[in-house]
Amino acid sequence: MMYWLMKNIFMGPLMRLFFWPRIEGAENIPRTGGAILAGNHVAVADSFFMPLRVPRRVTFLAKREYFTGKGVKGWLKKMFFTGVGQVPVDRSGGSAAQAALDTAVRLLNEGKLLGVYPEGTRSPDGRLYKGKTGVARMALEAKVPVIPVVVFGTDKANPIGSKMWRPHPIRIKVGKPLDFSRYDGLAGDRFVERAITDEIMYALMELSGQEYVDIYATKAKEELASGTVPVPPRVPATEVDRLPQSKAS
């Protein structure tokens with residue numbers, strides 16, 4: 001109920017009024033059953049606009065701290081993140097990654113539509129960075145398709161460091177589902193999971209036209225902050241004719 005109210009009564013109408021979001025390829029999203037929406041991630045606003053235009057409810061994993069605040073402020077924050085489709089997971093401790101993976105697989109097995117950002121964090125400069133293999137493990141363990149989704153314009157509406165959103169047209173583009181059933185039974189094989197992840201990132205690169213950088217976004221942020229190690233040169237998507245570099249590919 002809260003999700004429906006946020007999407008159709010409280011936030012949705014205002015977002016439609018000021019950002020004119022439109023979606024292409026919505027027919028590529030299955031009407032029922034578990035599936036992963038793997039998206040590029042250039043702004044916090046991505047997690048708001050993608051669910052706004054996708055017909056089905058989209059669930060994202062969020063850190064538990066968003067749901068444990070005290071007092072009225074904490075309650076409002078919990079209601080907000082619940083209303084926009086976030087599910088709390090514990091990201092602290094050595095078993096946090098496995099706990100998040102288990103939660104994701106459970107949601108997919110329940111037939112949910114799970115939103116995932118394979119890069120693991122926002123892009124520091126608008127380029128597309130190397131994907132983490134958790135998305136591949138989820139797809140293999142839950143035996144669900146992965147649908148690439150890119151969002152355009154959120155980096156202008158919600159620039160990094162901005163506290164207020166700025167009106168700007170938003171476009172969501174949904175690609176064809178990726179079927180990895182040929183790898184059934186190979187969850188845990190790091191070369192297979194890397195190959196799957198690279199295939200997902202290649203699909204996102206083709207769909208978005210973003211330049212691909214073959215390092216993790218977290219590493220790029222560290223390098224950009226320190227200024228000591230140069231980020232690899234840009235690779236225009238139009239010049240790439242194969243999967244991003246990996247041992248498996």
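Colleague: Leaving aside neighbours within four places in sequence, which residues is Ser 208 in contact with?

Modeller: This is a predicted model, in which local features need pLDDT of at least 70, side-chain atom pairs count only at pLDDT 80 or more, and totals for chains, interfaces and linings use all residues. Residues are numbered from 1 along each chain as its sequence is written, and side-chain values use heavy atoms, with hydrogens and water left out. Contact means heavy atoms within 4.5 Å. With its neighbours within four places in sequence set aside, Ser 208 is in contact with Val 150 and Phe 152.

Colleague: Is Ser 208 buried or exposed?

Modeller: Ser 208 has its place in helix 8; helices (H or I, at least four residues) and strands (E, at least two) are DSSP runs numbered from the N terminus. Buried means under 20% relative accessible area, exposed over 50%, and partly exposed in between, with a 1.4 Å probe and protein chains only. Ser 208 has a relative accessibility of 13% and therefore counts as buried.

Colleague: Which side chain does the side chain of Ser 208 join in a polar contact of 3.1 Å?

Modeller: A polar contact is a pair of N or O atoms within 3.5 Å; within protein, one must be able to donate a hydrogen and the other to accept it, and residues adjacent in sequence count only if both atoms are side-chain atoms. The side chain of Ser 208 reaches the backbone oxygen of Leu 204 at 2.8 Å. The side chain that Ser 208 joins at 3.1 Å is that of Gln 210.

Colleague: Where does Gln 210 lie, and what is its relative accessible area?

Modeller: Gln 210 lies in the loop between helix 8 and strand 9 (212-213). Its side chain is joined to that of Asn 40 by a polar contact of 3.2 Å, and a polar atom of the Gln 210 side chain lies 2.9 Å from the backbone oxygen of Gly 126. Gln 210 is buried, its relative accessible area being 10%.

Colleague: Which residues of helix 8 make the contact with helix 6?

Modeller: On the helix 6 side, the contact is made by Val 135, Ala 136, Arg 137 and Leu 140. The residues of the contact divide into six nonpolar, one polar and two charged, where Ala, Val, Leu, Ile, Met, Phe, Trp, Tyr, Cys and Pro count as nonpolar, Asp, Glu, Lys and Arg as charged, and the others, Gly among them, as polar. From helix 8 come Val 192, Glu 193, Ile 196, Thr 197 and Ile 200.

Colleague: What is the phi of Lys 143?

Modeller: Most residues other than glycine have a negative phi. Lys 143 lies in the loop between helix 6 and strand 7 (146-152) and is exposed, at 62% relative accessible area. Its phi is positive, near 55°.

Colleague: Within what arc do the buried residues of helix 2 fall?

Modeller: The buried residues of helix 2 are Gly 12, Met 15 and Phe 19. The arc is that of the directions from the helix axis to the C-beta atoms. Seen down the axis, these residues line one face of helix 2, because they fall within an arc of 65°.

Colleague: Which backbone oxygen does the side chain of Arg 56 reach at 2.9 Å?

Modeller: Arg 56 lies in the loop between helix 3 and strand 3 (58-63) and counts as buried at 17% relative accessibility. A polar atom of its side chain lies 3.0 Å from the backbone oxygen of Gly 33. The backbone oxygen reached at 2.9 Å is that of Gly 111.
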